[in-house]
Amino acid sequence: MEHSHTARVSIGAKPRSRWSLTRKLVPYAYLSPTILLLIVLSLIPIATVFVYSLLDNVIITRNPPSFIGLGNYVEIFFDNHFRQALTNTLVFSGVSVLAHLLLGLSFALLLNSKLIGAVPKALFRVIYILPWVFTASIIAILWRLLLNPNGVVNFLLITLGLANDQIEWLSSRQLALPAVTFINIWSGYPFYMVSFLAGLQGISDDLYEAGKIDGANSGQLFRYITLPQLKPIIISLAMLDFIWTTHQFTLIWMTTGGGPTRTTEMLSTFTYKLAFSSNEFAQASATAMIILAISMFVAVFYVRNQRLAND
Amino acid sequence: MNKKLVGILLLVVALLVSGGNLMAQDDIVLEFSQWWEPELPAGEFRALMDEFEAQNPGIKVELISGPYSATRDLIVAGAATGTMSDVVGLDGAWVNDFVKQGSLASLTQLMSDAAFDDSELAAQIQLGGATYMIPVVNFVYPVFVNLDLLNAAGIETAPSTRSEFAAAAAALTNAENNVSGWVLPLSMEQPNGIQNDVMSWVWASGGSMLANGQPNLVGNADVISAVEFIKGMYDAGVIAPGAFSLREQDKVEEFTNGRVGMMISSLAHINLIRERNPELNFAISALPAADGYEGPRGLPYASWGIGVAQNSEHQAEAWKLVAFLMSAETNSRLSSIANAFPGNVKSTPDFVQTDELFAAAFDVFLNGYLANEFTGLPVAEQLMREFNEPFQLYLDGEMELEEFLTIAQEAWLGNFE
């Protein structure tokens with residue numbers, strides 16, 4: 001009897017432990033494609049770039065790489081061109097994010113208004129969202145044509161008597177940065193608009209009705225109901241947009257190339273020129289790591305905000 | 001049944017694999033990375049390779065073709081990882097960097113091993129006494145003149161001196177009709193305007209921006225007179241507006257649309273201009289020289305160059321392909337289909353006999369010499385950018401000539417160390 005009992009245990013124990021191990025591994029098996037992709041597409045490249053940033057003589061050089069620690073970071077930090085690129089990037093990104101917020105919210109409020117009929121609303125939705133449909137290269141080509149000294153914008157300004165001479169929008173050291181910032185604002189606001197519109201449609205009418213019963217005017221309704229309800233969306237969008245805008249390369253490269261005389265130089269174009277024009281891949285890696293650090297700094301706030309929103 | 005099927009499949013796979021190996025053992029496959037094939041009429045370049053293969057049994061050519069910039073990135077990646085294609089298409093601006101890295105083979109050695117007579121080669125790009133690139137075909141940059149605008153301005157012949165050019169540019173400029181005399185592209189994205197549209201004035205008068213292979217901008221009378229000449233035209237308002245963000249394609253577009261009277265551009269653009277604006281009446285002439293200069297005129301050019309990878313296991317076979325492309329007959333055919341001038345002095349492209357404009361350009365080519373001092377310099381594109389930045393400030397009146405040249409020279413010297 002005892003023997004048979006032992007036998008039953010020994011027969012049953014082995015499959016159970018194997019099953020238990022399999023059960024533990026199943027979630028990892030499901031995750032493995034994602035983990036593999038993350039390692040191959042993110043971790044290995046980031047680690048490689050980080051290692052390059054600590055070396056001298058990488059990629060285009062006959063000399064073997066040598067470890068110089070933070071030498072590249074120090075050199076980059078004291079480079080006037082880098083500081084100019086950093087300042088330009090912060091101005092370009094800050095103004096873009098702010099304008100995106102204001103424009104996106106304004107258009108979303110307009111489209112959410114009950115004063116506009118269904119057909120015009122649908123029409124305006126299509127018109128307002130158009131800039132978002134174009135890729136960055138198309139936007140760059142389009143605006144290069146529009147802002148050409150012989151282009152449509154100058155033609156209209158001169159015809160309307162708002163300008164006497166042709167304005168060199170993208171060639172002027174005073175106007176180039178505002179011009180590319182404007183183009184970026186134009187191309188980016190629809191994403192905010194769509195997101196805010198979804199947020200506005202999710203706010204319960206009960207809140208507004210309660211506010212009206214309490215005697216709130218439209219300004220107070222906006223300030224005390226609409227804005228607080230949209231706050232999580234505003235913070236999330238602003239942070240994501242700031243990260244995306246600091247990475248903007250195609251638009252700048254295809255409109256001004258960072259010129260004239262570095263007045264529109266961004267961290268992205270600065271890094272590209274270091275790598276592919278000067279063949280300074282180690283310094284370019286250091287700049288790339290600095291951009292990553294800035295993005296990570298903002299990303300941490302984004303994740304924290306998301307966690308607080310979920311709690 | 002299933003086992004039989006699996007067995008047959010395994011057998012087929014084994015045969016295919018071994019067959020592939022057998023083929024690989026029989027033929028040497030040369031990889032040839034270049035941006036030329038997409039720029040030539042479909043199938044023409046492959047046909048040349050087929051001819052090479054027929055002449056050299058046992059050697060196959062695998063073309064790896066892409067746009068210019070993608071090809072450069074591919075070659076950079078290949079140079080970094082030691083996987084560069086056996087034969088590579090090169091721009092003169094890249095050579096120095098690849099030679100520094102040791103990724104290009106010495107063609108001098110390969111020519112010597114193959115007992116090749118290099119007297120027919122129009123040019124060789126050398127560093128440290130060894131050849132690393134041979135220009136296969138050349139695209140020269142003469143002056144394009146809009147004849148209708150020129151005649152309307154009361155000028156009968158294309159300018160041949162700087163004074164005549166400045167006078168013609170002033171006469172052509174008509175602000176009311178949005179017409180400018182000359183177009184100068186100085187975009188920071190594509191800084192080759194410094195090479196083609198600025199330094200070309202120096203070379204056209206027999207000058208140089210270098211001394212003993214080192215930057216020589218400060219106090220260089222040739223450079224000073226050229227940049228002062230351009231500044232004079234900029235101040236006179238005869239240069240098309242928006243110069244600081246214009247690229248080479250914008251320049252061609254402005255000329256094609258009749259908004260610019262004169263431009264310095266590649267011969268490769270003749271067909272493009274004719275396609276876009278068949279009505280445009282234009283001519284080609286040599287780049288004007290400084291007043292009183294009688295010597296030979298340097299003619300700016302860009303090349304489709306060729307080189308052999310140091311990491312290639314088949315350098316002798318790779319050289320055979322280079323020699324084939326540089327032979328008088330093949331080079332004539334390639335230059336004919338590319339609308340370019342040959343890299344072999346004994347080659348004559350077909351279009352010289354059939355096209356008046358190309359014939360005129362060929363005369364300009366034969367009477368001058370090819371001049372592009374950026375070819376073979378370290379980080380050539382970066383040198384152009386580093387010159388462009390203070391040059392823009394100088395043109396805008398924000399910087400004095402001496403300061404501009406000093407800043408540019410110091411920046412250049414940093415790359416020559």
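How many positive and how many negative side chains does chain B have, and how far apart do the centres of the two sets lie?

1. Chain B carries 18 positive side chains and 53 negative ones. The centres of these two sets are 9 Å apart. Please keep in mind that you are looking at a predicted model.

2. Now for the overall build. Chain B contains 17 helices and 15 strands. Its radius of gyration is 24 Å, close to the 22 Å that the globule rule gives for 417 residues, so chain B is as compact as a globular protein of that length. Along the principal axes, the C-alpha atoms of chain B fill a box of roughly 85 × 50 × 50 Å.

3. Of the 417 residues in chain B, 54% are buried. The accessible surface of chain B is about 17,000 Å², and carbon and sulfur atoms account for 51% of that. Among contacts between residues at least 6 apart in sequence, 73% join residues at least 24 apart.

4. Do have a look at helix α10 of chain B, residues 248-256. Seven of its nine residues are buried, so α10 is largely enclosed by the rest of the structure. The buried residues include charged ones, B:Glu248, B:Asp250, B:Lys251 and B:Glu254, along with B:Val252, B:Phe255 and B:Thr256.

5. What covers those buried residues? The cover includes α5 (136-146) of chain A. From chain B, it includes β6 (143-146), α8 (193-204), β10 (260-264), α11 (270-276) and β11 (282-285).

Definitions and conventions
Residues numbered from 1 in each chain as written. Chains lettered and ligands numbered in written order. Predicted model: local features only at pLDDT ≥ 70, side-chain atom pairs only at ≥ 80, totals over all residues. Heavy atoms only, no water. Helix = DSSP H or I, 4+ residues; strand = E, 2+ residues; numbered from the N terminus. Rg over C-alpha atoms; globule rule 2.2 N^0.38 Å. Buried < 20%, exposed > 50% of the residue type's maximum accessible area, 1.4 Å probe, protein only. Contact = heavy atoms within 4.5 Å. Areas by Shrake-Rupley, 256 points an atom, 1.4 Å probe, with all protein chains shown as cover. Charge placed at Lys NZ, Arg CZ, Asp CG, Glu CD.
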